[in-house]
Amino acid sequence: MTKRILLTGADGQLGSELRQRVAMMTAAYTLHATDQAELDIADPAQIEAAIQDFAPDVLINAAAYTAVDQAESQRELAFKVNAEGPANLAKAAQQAGIRMIHVSTDYVFNGQQCRPWKTDDPVAPINVYGESKLAGEQAVQRYLPDAVIIRTAWVYSRYGQNFVKTMIRLMNERDSLGIIADQIGSPTHAGRLAEILLSAVDQPEFTGISHWTDAGVASWYDFAQSIYTLGRERGLVQHDCQINPITTSDYPTPAQRPAFSVMDCQRSRAQLGHARHWREQLQMMLDELKTDYDGANA
Ligand SMILES: NC(=O)c1ccc[n+]([C@@H]2O[C@H](COP(=O)([O-])OP(=O)(O)OC[C@H]3O[C@@H](n4cnc5c(N)ncnc54)[C@H](OP(=O)(O)O)[C@@H]3O)[C@@H](O)[C@H]2O)c1
């Protein structure tokens, strides 16, 4: 029997990757994909109506306020989307008796340790975005203790805006770039994350908080170096650009960011699917990007 999935935030990086994958698996899933215009997660009435109309088995929340620096000056909006939104969804899911899969972030941690973060390590966000996402997790757990909450990090995709696309643009425009080398994490492809969420849809017994990133670790500088080398090979970067390591203090931003964001993903990798190394995933994404750019320029 096909599983009926109600998806929020369908036009974001993760939402778009989910739509793309479900389109290839129509025998397994019936998807109702909603963007913000159709379903604003801050509006409980819209959520209720969507659940009533579509009668999903599972609700996947890919909607979020993700502008980390802007959140410092838009606290209210960040909390409305990242805390009240998930609370509204979880409350409605509880009332309708449906499962919920929610996505959270490494930014619930303060980054002040040097071993991978476990799911039960103490949370202590250091920016407004992280605070709002933590409040969202807590609200979801309050209404639906069995909800799936997957914390992820450093997400990129051929869709939407992200570090990889920004780097390619800047590398084509500039002779040199200074990239932060003292923040460490795991770049994560939204497409593989989408597959992991679908694996959670298929496993009703899988519940609670878990972590998911691609395998391996990198600094932003390492990530940028790989984007440059692999982008050059594919003709996505057509300009010589020197990538220089800098420190966090050389590049002040409104929001503080955790220094060490690597997450322990043992449980999700054992139960939901294996992880590929981030560099392998980056190669795949750059191949897709090349197809997109070539198509747009044809
Ligand atoms: N990107 C990362 O590096 C990263 C890292 C860790 C965790 N995460 C988490 O991963 C999840 C997916 O992130 P992503 O990178 O796919 O984000 P994204 O590309 O920014 O997509 C988020 C989507 O949510 C929509 N949205 C915003 N407010 C909404 C509302 N009130 N109601 C309904 N939709 C709304 C946005 O629409 P508009 O574009 O119209 O605003 C956008 O389409 C999020 O939970 C995020 O917090 C992301």
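Which residues are the closest to the ligand? They are Leu-14, Asp-40, Thr-66, Tyr-129 and Lys-133, and 23 residues surround the ligand, each with a heavy atom within 4 Å of it.

A word on the basis of these values. This is a predicted model, in which local features need pLDDT of at least 70 and side-chain atom pairs count only at pLDDT 80 or more, whereas totals for chains, interfaces and linings use all residues. Residues are numbered from 1 along each chain as its sequence is written, and side-chain values use heavy atoms, with hydrogens and water left out.

Let me turn to the polar contacts, that is, pairs of N or O atoms within 3.5 Å. A polar side-chain atom of Asp-40 is 2.8 Å from a nitrogen atom of the ligand. For Tyr-129, a polar side-chain atom lies 2.7 Å from a ligand oxygen atom, and an N or O atom in the side chain of Lys-133 is 2.7 Å from an oxygen atom of the ligand. On its own the ligand has 900 Å² of accessible area (Shrake-Rupley method, 1.4 Å probe), and the protein covers 79% of that area.

Where does the shell come from? Helix 1 (13-23), strand 4 (99-105) and helix 5 (128-143) each supply at least two residues; helices here are DSSP runs of H or I with at least four residues, and strands are runs of E with at least two. Strand 4 gives the largest share, 3 residues. By class, the shell holds 12 nonpolar, 8 polar and 3 charged residues, with Gly counted as polar and Tyr as nonpolar.

My second topic is helix packing. Helix 2 (residues 44-54) and helix 4 (residues 75-96) pack at about 35°, with axes 10 Å apart; the axes are lines fitted to C-alpha atoms over the stretch in contact, and angles run from 0 to 180 degrees between N-to-C directions.

Terms used:
A polar contact is a pair of N or O atoms within 3.5 Å; within protein, one must be able to donate a hydrogen and the other to accept it, and residues adjacent in sequence count only if both atoms are side-chain atoms.
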